[in-house]
Amino acid sequence: MPPRPHASPLDSARDASGQVPVRALLKHPRFITTEVLAGMVTTLALIPEVISFSLISGVGPDVALIASVVLAVAMSFLGGRPAMVTAAAGSVALVIAPLVKEHGTQYVLPTVVLAGAIQIAFGAAGLARLVRYIPRSVMVGFVNALGVMIFVAQLRHVIDVPWAVYPLAAATVLIVLLLPRLTTAVPAPLVAVVLVTLAAVVLHLNVPDVGDEGRVSGGLPGLTALHVPLTLSTLRLVAPTAIAVAFVGLLETLLTAKLTDDLTDSRSAKGRESWGLGVANILAGLYGGIAGCAMIGQTIVNVKIGRARTRLSTLVAGLFLLVLVVGLSHVMALIPMAALAAVMMVVAIQTIDWHSVRPSTLRRMPVPETLVMLATVAVVVVTNNLAIGVGVGVVLAVIFFARRVARVVRVERSVSADGSRAHYRVLGPLFFASSNDLVEQFSYVEDPTEVTIDLGESRVWDASSVAALDAVETRFREHGVDVEIVGLDEISRRFHGRLSGQLQS
């Protein structure tokens with residue numbers, strides 16, 4: 001059997017959940033290099049994204065970079081999904097930006113701490129299981145939209161730039177694509193970034209680099225000072241933004257965890273990931289200054305390109321970023337943006353599920369599912385917010401599902417040989433959508449004085465269905481017909497018995 005694409009040498013050391021524990025590295029020390037190099041590549045992929053997102057949120061690049069160090073290191077110990085990268089993210093930056101713009105950065109700390117507390121409560125309550133209700137079509141749309149967003153975000157680094165950018169970007173792409181055919185001992189993106197940076201420095205090429213994006217040094221910031229009073233008015237001011245930050249971060253993190261599970265054929269602890277994110281965000285707020293969540297693009301770099309499988313890779317990513325910011329910021333500042341942008345463009349192309357948009361696939365897929373996928377992509381691209389797109393996709397999927405199952409209920413009528421009794425068989429589940437027109441499917445005038453309604457091939461799911469059955473009985477009795485409902489299973493019988501006759505004033 002051929003190896004899976006992007007398989008890791010550590011896949012043979014999986015535990016019962018399919019994950020690779022860090023202790024497996026003690027038995028296979030030669031694989032430590034794989035994890036370390038994957039973490040270093042991930043750091044290089046993080047830098048431009050974090051800096052860009054810091055400009056959106058209104059905090060300095062150095063603040064966002066240090067917060068990313070705290071998030072990556074904390075989640076390496078606390079998270080429920082090994083090898084998933086957490087850092088200051090664009091979705092959180094978009095949510096927090098209006099608060100910063102209107103009231104200033106001093107309100108970021110209480111917002112982030114409150115958001116973290118909400119995430120801890122969410123995880124502790126076991127609500128992370130709700131991610132299972134996100135349909136596959138929404139997940140595919142989420143992944144495709146992410147690929148589009150990553151690609152589009154890099155265009156500014158290759159449009160209207162000095163001519164030297166283009167050969168550097170082309171060289172990066174060639175190395176990333178061709179080097180794995182020769183060796184996978186060292187991640188191709190790491191080799192590409194190092195060689196392209198050396199070429200730019202040696203040849204004295206005047207191209208945009210990381211240093212042009214903003215201030216990326218300045219040492220460790222220390223604890224974040226609180227400059228606002230801890231009063232009820234402050235709570236009222238930050239609460240809406242904190243709630244949005246909490247749930248946007250949770251949604252993107254849980255979706256990324258689910259995608260990473262699929263990529264690595266393993267399971268993650270979603271509840272632990274949720275409360276761990278809350279703790280990490282509180283730490284990042286107290287020491288750094290801004291919240292974050294899982295970074296799906298960088299996670300794909302880590303697990304697909306770097307072939308990482310353990311927490312060591314994300315720990316290395318955080319620590320290497322710390323070294324770059326504090327001790328090697330002058331070196332980091334020299335990295336051409338063309339190299340980093342080219343790497344992320346390759347990642348974007350590899351992220352998109354091209355099979356889902358093939359004409360042959362689209363012809364087979366039900367139209368509603370294709371519409372849900374396309375709507376998710378469109379909303380994410382237009383709003384630049386993954387959470388909004390996923391929310392719209394889920395709502396559309398629910399609407400299409402309710403519309404589809406509303407049509408599955410059928411009512412079949414028969415009359416006894418002597419014409420004294422009518423028998424109705426109800427087939428299909430009864431709930432708020434399918435039971436809406438149930439009342440209209442009976443022949444009240446033509447039926448004899450005795451009617452049996454057989455629910456043996458149906459089930460009563462909600463109060464709307466009980467109310468519909470009550471309405472049917474009432475209509476028959478108005479015509480002098482005696483009605484008997486039979487065939488209820490135990491659950492439906494208890495539900496119907498408890499609510500029947502109690503739903504009308």
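This is a predicted model: local features need pLDDT of at least 70, side-chain atom pairs count only at pLDDT 80 or more; totals for chains, interfaces and linings use all residues.
Me: What box do the C-alpha atoms fill?
Reply: Taken along the principal axes, the box is roughly 100 × 60 × 50 Å.

Me: And what share of the residues is buried?
Reply: Of the 505 residues in the chain, 53% are buried. Buried means under 20% relative accessible area, exposed over 50%, and partly exposed in between (1.4 Å probe, protein chains only).

Me: What is the accessible surface of the chain?
Reply: The accessible surface comes to about 22,700 Å², and 64% of that belongs to carbon and sulfur atoms. Accessible areas come from the Shrake-Rupley method with a 1.4 Å probe; for residues, only the protein chains shown count as cover.

Me: What about contacts between residues 24 or more positions apart?
Reply: Such residues account for 82% of the contacts in the chain with a separation of 6 or more. Contact means heavy atoms within 4.5 Å.

Me: On to packing. At what angle do helix 6 and helix 17 pack?
Reply: Helix 6 (residues 136-154) and helix 17 (residues 386-405) pack at about 150 degrees, and their axes are 10 Å apart. Axes are lines fitted to C-alpha atoms, for helices over the stretch in contact, and angles run from 0 to 180 degrees between N-to-C directions. The two helices, helix 6 and helix 17, are therefore roughly antiparallel to each other; that term applies to angles over 145 degrees.

Me: Which residues make that contact?
Reply: Helix 6 contributes Val138, Phe142, Leu146 and Met149, while helix 17 contributes Leu386, Val390, Gly393 and Val394. By class, the residues of this contact are seven nonpolar, one polar and no charged. Ala, Val, Leu, Ile, Met, Phe, Trp, Tyr, Cys and Pro count as nonpolar, Asp, Glu, Lys and Arg as charged, and the others, Gly among them, as polar.

Me: Left-handed or right-handed, the crossing of helix 6 and helix 17?
Reply: The crossing of helix 6 and helix 17 is right-handed. A crossing is left-handed if the near helix is turned anticlockwise from the far one by less than a right angle, and right-handed if clockwise.

Me: How do helix 7 and helix 8 pack?
Reply: Helix 7 (residues 165-182) and helix 8 (residues 188-202) pack at about 150 degrees, with axes 8 Å apart. Helix 7 and helix 8 are therefore roughly antiparallel, and helix 7 passes helix 8 in a right-handed crossing. Among the residues in contact are Leu168, Ile175 and Leu179 of helix 7 and Val191, Leu195 and Val196 of helix 8. That contact divides into 12 nonpolar, one polar and no charged residues.

Me: And helix 3 with helix 10, which classes meet there?
Reply: The contact of helix 3 with helix 10 has 13 nonpolar, two polar and two charged residues. The axes of helix 3 (residues 61-78) and helix 10 (residues 270-286) come within 9 Å and cross at roughly 145 degrees.

Me: How many residues of helix 11 are buried?
Reply: In helix 11 (residues 296-305), 10 of the 10 residues are buried, so it is largely enclosed by the rest of the structure. The buried residues include Gln298, Asn302 and Lys304.

Me: What happens just after helix 11?
Reply: Arg307 takes a positive phi of about 60 degrees there. Arg307 lies in the loop between helix 11 and helix 12 (311-326) and counts as buried at 18% relative accessibility.

Me: What about Asp160, buried or exposed?
Reply: Asp160 is exposed, with a relative accessible area of 77%. Asp160 sits in the loop between helix 6 and helix 7 and has a positive phi of about 55 degrees, although it is not a glycine.

Me: Last one: what does Val408 touch?
Reply: Not counting residues up to four places away in sequence, Val408 touches Leu427, Gly428 and Pro429. Val408 and Gly428 are 20 residues apart in sequence and 5.9 Å apart in space, C-alpha to C-alpha. Val408 is found in the loop between helix 17 and strand 3 (410-415) and is partly exposed, at 40% relative accessible area.

Conventions:
Residues are numbered from 1 along each chain as its sequence is written. Side-chain values use heavy atoms; hydrogens and water are left out. Helices (H or I, at least four residues) and strands (E, at least two) are DSSP runs, numbered from the N terminus. Angles under 35 degrees count as roughly parallel, over 145 as roughly antiparallel, 65 to 115 as roughly perpendicular and the rest as oblique.
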